[in-house]
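Here is a friendly note to read with the model open beside you. Take the points one at a time and find each residue as you go.

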Amino acid sequence: MKRPALWLALFLFLLTAALLLYRIVWLEYPVFPTAPGKAWQLTINARVFSEAGEARVLLGLPTENPGRMVVEERISSGALTLGLAREGSNRIGIWSGPVGLEGDEIVYRATILIRPRKAPPEQPPGIAPYPDRFTREEIILAERLAGRWKGLPPSERIRAIAATARGEWKNPPPEMKDLAAWKDLGRTHGREESLLLLLRAANLPARLVEGIPLAEGIQNQLLSWVESWNGKNWDIILPERGEAVSDPATYLPLSIGGIPALRISGGGRSDIRWSLSRQIVSRWSLHWERIRRSTRFLDRWSLFQLPPEFQRTFRILLLVPIGTLIIGFLRNMIGFPTFGIFMPVLMALAFRSTGLAYGLGIFAGILLLGYAVRLGLDKLRLLLVPRMSVILTLVIACFTLLALTGNKFGLREFMAVGLLPFVILTMVIERFFVLVEEAGIRAGLRTAAGSAAVSIIAYGIISWEPLQLTFFVYPELLAAVAAVQILLGRYTGYRLSELFRFRAVGGSS
Amino acid sequence: MIFESLRRLNRAGVLGMNGRNADYIMRYNPRSLFPLVDDKVLTKKLAESFQIPTPAIYYVVDRNGDVAGLREALRGVCEFAVKPARGSGGSGIVLIRDCTEKGYVTQSGEMISPQNLFYHISDILSGIYSLSGLEDRAILEALIHPDPVFDAVSYQGVPDVRIVVYRGVPVMAMVRLPTKASDGKANLHRGAIGAGIELSQGTTITAVHRSMVVSNHPDTGNPVSGVQVPYWEKMLWMAARSFEMTGLGYTGVDLVIDRDRGPLLLELNARPGLAIQLANRKGLKERLEKIDQAPPEVFACPETRVEWARKTFD
């Protein structure tokens, strides 16, 4: 008799385990889906104003690669017109339109997810010809200077060239004449340009990048740096410090290849600041963004593919079986008295919109009022269906009054009362009345209190976000819940309350 | 402490709610047979064909408009009981003991006009008292005049005897004695006393009142134990016989003792409560397991089952 239930439970457990394993091992799902990912909130605030009455602002925006995702972009442009364009590998936001002296505000906001383990697998870039702005003599000088590093591997070459930015040339030092000429060149073209020239002369792909450091803080100015290809990925050279950094996750590029990340034309001026802050709430988007970009079967059949407004429903729905499992546990193992099986779960669902305190208060109030009215109705000897209808009408009338009162005093919780399960409330009033009639007021109150306690527990469970996320990412956990429910269904031992109830039986013998 | 009381209950062979539902009711009481015991009209008809006496039926009302038939049936009858056919826990039952010009007199002495009685009957028909809330029938049957044997230990009302029957074998018995608190009704959860009955002899032993062990009736003050139940052998036989009648393996059989007609079958219950264990201060499970180990010849007929039970359970 017990066997088939056990086998079924075991099968469901194994099914869950298999699906979990598949997702974690093959689809590389996180073992702990609730662990927060490294996420940043980037905000660019720009105040644009112009004497000429017109302005045009070009802003470099963050780009995506396998190690970096840009999600939840929100842009507000004021009265300006926004266009998005690509320029090489850059994304540029172009705002244009009439602005006055008082200015107009542009806000760009995005969440940026950094996945350090997923380094961008890029094609090795080719070496570009020397730019026209350098003279023949300058190029020959650079090539002569670069000749000293010929034997070094690329990453060390980069490090040595970076060091020249702070004046270190290592031995043997170049001739005084060359060094003086190089300093002149640096004054004419700037530090970044001379580094680029030197890297080109040393046969290293290089590019100029503008961006901000990937750290919490507010910047009023963009940082520019030089990146050079070390054979595997781009090293970052900071001209000011003369250092090379290999970790790409320390800086956020906003434009690559010498294009300025901020350009203003049409006589406009602007106050602009870039701010970065750590983002904590983006665990949902972390999964969503990853799954949205995947072509795997289970990913395409993931709940994350649903439109967001329906996703919200399923976050909750997936936890309702746990709620009923808890009710089963409390009833069959503890011996909690409740009105029915589903009433506490439905109450818990409703508490999500009314809030726990208001929900319980409204529930108790309507139950009490309903009981009083039912007591009066009893004398009228109404038939079943019309009598229940009267109670239902009373419940709806109470909802209406509460909603109107809530509107008057600005209490949203009261207005959300319509989401309370009115049918359940009506039946609870009837069952409460019958219970009080048959078993006394104490039994009635005990059952009401039991129901309230269970609905609070169920509410706590379905509102617990880590659990919501876990079930949303791994809906196959439902099979495991069913397995536990089946096992609970085969529990034929005593309820905790029975130890007390039958204490007189085993006592003397 | 919890484990201690758990062990104690287990040793005493107490049957819990989960065990009763899963191991006995679900296994031995097929759902398809429930209507036989849920509808008292069906139970009575069935009982008649199995030579089990029940209170006489005067009339069954199954339509709301059937007032004419009702009047006809009640002509000259001043003592009767009105019951819902599918009622539970004694709700909806009205006992009429007399009639005057103004109306009927109930058991507790209240006056009830014919008008109000008809209202009550239409309440019953609408299913107010029915187990499932579905439409119901109202039964008008003979009023029971309880045998005086329990007079000293009951307050008004009709005491009834509950016998739990497993696979046709009587397992445990108790008599439910009305109190003032239970309003003359023989329902334990309303405050009636449950007194265990020794199966072999038919004498009352300990008693329970609201899950407390008591020795005296709270209203009359007389000791509850040591009362010899009359017709004991016959009552056990009736209980055992009800197994052939319904086919349900685990039932509670409710009997009353009429001073003129002797023991009558009142109703059968397919989900009998567990309080009988308190009234007897004995566990049901221990006895149920003994029945499962009984030799097959025990189950031959009601007589052998009763005989075995009286010999085995003391």
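Predicted model: local features only at pLDDT ≥ 70, side-chain atom pairs only at ≥ 80, totals over all residues.

1. Residues are numbered from 1 along each chain as its sequence is written, chains are lettered from A and ligands numbered from 1 in the order in which they are written, and side-chain values use heavy atoms, with hydrogens and water left out.

2. Let's begin with chain A as a whole. Chain A has 19 helices and 14 strands; these are DSSP runs numbered from the N terminus, with helices being H or I of at least four residues and strands E of at least two. Of its 509 residues, 45% are buried, where buried means under 20% relative accessible area, exposed over 50% and partly exposed in between, using a 1.4 Å probe and protein chains only. Take the contacts in chain A (heavy atoms within 4.5 Å) between residues at least 6 apart in sequence: 77% of them join residues at least 24 apart.

3. Now find A:Arg207, in strand β7 (residues 206-213) of chain A. Is this residue buried or exposed? A:Arg207 counts as buried because its relative accessibility is 18%. Its side chain makes a polar contact with the side chain of A:Glu227, at 2.7 Å. A polar contact is a pair of N or O atoms within 3.5 Å; within protein, one must be able to donate a hydrogen and the other to accept it, and residues adjacent in sequence count only if both atoms are side-chain atoms. Setting aside neighbours within four places in sequence, the residues in contact with A:Arg207 include A:Trp225, A:Trp234 and A:Ile256.

4. Most residues other than glycine have a negative phi. A:Asn203, in the loop between α5 (191-201) and β7 of chain A, has a positive phi near 65 degrees. B:Arg167 also has a positive phi, near 50 degrees, and is found in the loop between β7 and β8 of chain B. With a relative accessible area of 24%, B:Arg167 is partly exposed.

5. Next, turn to helix α10 (residues 302-312) of chain B. Which of its residues are buried? They are B:Pro302, B:Arg305, B:Val306, B:Trp308 and B:Ala309. Seen down the helix axis, these buried residues fall within an arc of 165 degrees, so they line one face of α10(B); the arc is that of the directions from the axis to the C-beta atoms. The face turned away from the buried side carries the exposed residues B:Glu307 and B:Lys311. Among the elements covering the buried residues are β8 (169-177), α7 (232-246) and α9 (284-292) of chain B.

6. On a 1 Å grid over the protein atoms alone, a cavity is a set of points where a 1.4 Å probe fits but cannot get out, and lining residues have an atom within 4 Å of a point. There are two cavities of 30 Å³ or more. The residues lining the largest cavity include B:Phe150, B:Asp160 and B:Ile257. β12(B) gives the most to this lining, with three residues. B:Glu198, B:Asn280 and B:Arg287 are among the residues that line the second largest cavity.

Definitions and conventions: 1 Å grid on protein atoms, 1.4 Å probe; cavity = no way out; pocket = protein on both sides within 12 Å on 5 of 7 lines; lining within 4 Å. Points joined across faces, edges and corners; volume = space filled by probe spheres on them.
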